[in-house]
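Below is a short report on one protein model. It starts with a sheet and its helices, then turns to a single helix.

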Amino acid sequence: MNVGAVGCLREVKNAIGVARRVLENTEHTLLVGQLATEFAKEMGFKQESLTTNHSQQMYNDWKSKNCQPNYRSNVTPDPNTSCGPYKPTNQLITEKTKPRVELGIDQSNHDTIGMLAIDMNGHIAAGTSTNGMTHKVPGRVGDSPMPGSGCYADDSVGGAVATGDGDVMMRFLPAYQAVESMRQGASPTQATEDALNRILKHFPSFSGALVAVTKDGLVGAACTGFSSFHYCVRTKSNPTTSVISVKCK
């Protein structure tokens, strides 16, 4: 029931470290944008360019392909064929029927890392960190820093972390849902499957995965839209990291 998060953090590499400073050194939950960078500098983090030769080449390739994939809608010129600049269209099309996979949202489109830990006193901590969706609209914040969406933990039940199509996931709070299902008696596997099924009911082409753990250390996971999903487990009795593979539906 205690959270620290940052979103749209620029020019600071250790985003999860800044999130912990929000958790431990403020009375707030979420800081975003340039002022989150200013907070990070105040807390002793280094401000530096995060551009690499690889990321610059990715951007150049994207521009050469008319900025595809493109996540704008109801704008002119056509975002399917143009890099803009864009303006809103006069007529709003509220229904978005284009499959998410056609937007380039798949397992290779993001780089989320999620972790769950239970200490010797039974305290559960959860964390997620991501560079976000590739080629996203500037200013976009996904599910990772949203409590209950990217991760959630409750010492009396367990915790969960998520990865995938964050713009969809944050509408359903799947990590929170998984924990609440475990509270009602579901196993971690059942809880994660149920949380994903609630999303698939509305977004059949959704891709994502969840990992959950009970307060007693029982672990389970579920995934969809990928061929498979891998996660790692390490316990006091077995300090060697075990890699678990899940076949996705």
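## Helices on the sheet

Helix α5 (residues 174-183) lies across β7, β8 and β9. The α5 direction runs at about 145° to β8. Helix α6 (residues 188-200) packs on the sheet and touches β9 and β10. The α6 direction makes about 25° with that of β10. Axes are lines fitted to C-alpha atoms, for helices over the stretch in contact; angles run from 0 to 180 degrees between N-to-C directions. Contact means heavy atoms within 4.5 Å. Helices (H or I, at least four residues) and strands (E, at least two) are DSSP runs, numbered from the N terminus.

This is a predicted model: local features need pLDDT of at least 70, side-chain atom pairs count only at pLDDT 80 or more, and totals for chains, interfaces and linings use all residues. Residues are numbered from 1 along each chain as its sequence is written, and side-chain values use heavy atoms, with hydrogens and water left out.

## Strand order

The open sheet has four strands, ordered β7-β8-β9-β10, with antiparallel pairing. Two strands pair if DSSP finds at least two bridges between them. β7 (151-154) and β10 (219-224) are the edge strands. Seven bridges join β8 (residues 158-164) to β9 (residues 208-214). Valine 161 stands opposite valine 211 in β9.

## Helix α2

Threonine 37 lies in α2 (residues 33-42). Leu35 and Glu42 are exposed, meaning over 50%. Just after α2, glycine 44 takes a positive phi of about 100°.

Note on methods. Buried < 20%, exposed > 50% of the residue type's maximum accessible area, 1.4 Å probe, protein only.
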